[in-house]
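Below is a report on selected features of one structure.

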Amino acid sequence: GGEITGLDVANPEQNADDEVQIVADHLVTKDKSLRHHPNKAAHKTPHYVEYVRVKAKRAQMSIAERIPKRELERVLKGKGVKQRSALVDEVMEVIHSTEG
């Protein structure tokens with residue numbers, strides 16, 4: 001391989017020690033050190049737990065809009081502990097019956 005001089009690429013700053021190669025017609029770099037250290041990368045990506053919490057809150061608000069409170073209490077009452085899949089099935093039955 002040869003060296004390319006005066007190349008202006010719209011990429012983030014690179015370390016001068018990084019290796020640059022052309023692989024399958026693409027410019028590929030092998031970084032000698034991490035660009036984003038783990039202690040700084042956490043602030044760049046959303047936390048999965050926060051994603052799940054927001055999704056659960058949206059589902060809770062949607063259920064509250066679609067099912068009357070008394071009907072939801074009736075579904076949740078009286079049968080003790082339920083498996084999640086059985087509870088989801090019952091809630092979906094109530095939603096379909098109130099919509100149709």
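Glu50 is partly exposed, at 39% relative accessibility. Here buried means under 20% relative accessible area, exposed over 50%, and partly exposed in between (1.4 Å probe, protein chains only). Arg53 is also partly exposed, with a relative accessible area of 47%. The two side chains meet in a salt bridge, 2.8 Å from N to O. A salt bridge is a side-chain nitrogen of Lys or Arg within 4 Å of a carboxyl oxygen of Asp or Glu. Both Arg53 and Glu50 belong to helix H2 and sit 3 residues apart, about one turn of the helix. Helices (H or I, at least four residues) and strands (E, at least two) are DSSP runs, numbered from the N terminus.

This is a predicted model: local features need pLDDT of at least 70, side-chain atom pairs count only at pLDDT 80 or more, and totals for chains, interfaces and linings use all residues. Residues are numbered from 1 along each chain as its sequence is written, and side-chain values use heavy atoms, with hydrogens and water left out.

## Salt bridge in H3

The structure holds 2 salt bridges. Glu71 pairs with Arg74, with the closest N and O atoms 2.5 Å apart. Both lie in helix H3, 3 residues apart, about one turn of the helix. Glu71 is partly exposed at 25% relative accessibility. Arg74 is exposed at 52%.

Helix H4 spans residues 84-99, 16 residues in total. From first C-alpha to last, H4 reaches 22 Å, close to the 22 Å expected at 1.5 Å a residue. The expected span is 1.5 Å times one less than the number of residues.

Which residues of H4 are buried? They are Glu90, Val91, Val94 and Ile95. These cover an arc of only 140° around the axis, so they fall on the same side of H4. The arc is taken over the directions from the helix axis to the C-beta atoms. The buried residues pack against helix H2 (48-66) and helix H3 (69-76); contact means heavy atoms within 4.5 Å. On the other side of H4, Glu93, His96, Ser97 and Glu99 are exposed.

## Nonpolar surface patch

Ile4, Val20, Ile22 and Leu27 form a nonpolar patch on the surface. Together they have about 390 Å² of accessible area, computed by the Shrake-Rupley method with a 1.4 Å probe. Patch residues have over 30% relative accessible area and no salt bridge; nonpolar side chains (Val, Leu, Ile, Met, Phe, Trp, Tyr) are joined within 5 Å, like charges within 9 Å. Ile4 is in the segment before strand S1 (19-23). Ile4 is exposed, with a relative accessible area of 56%.
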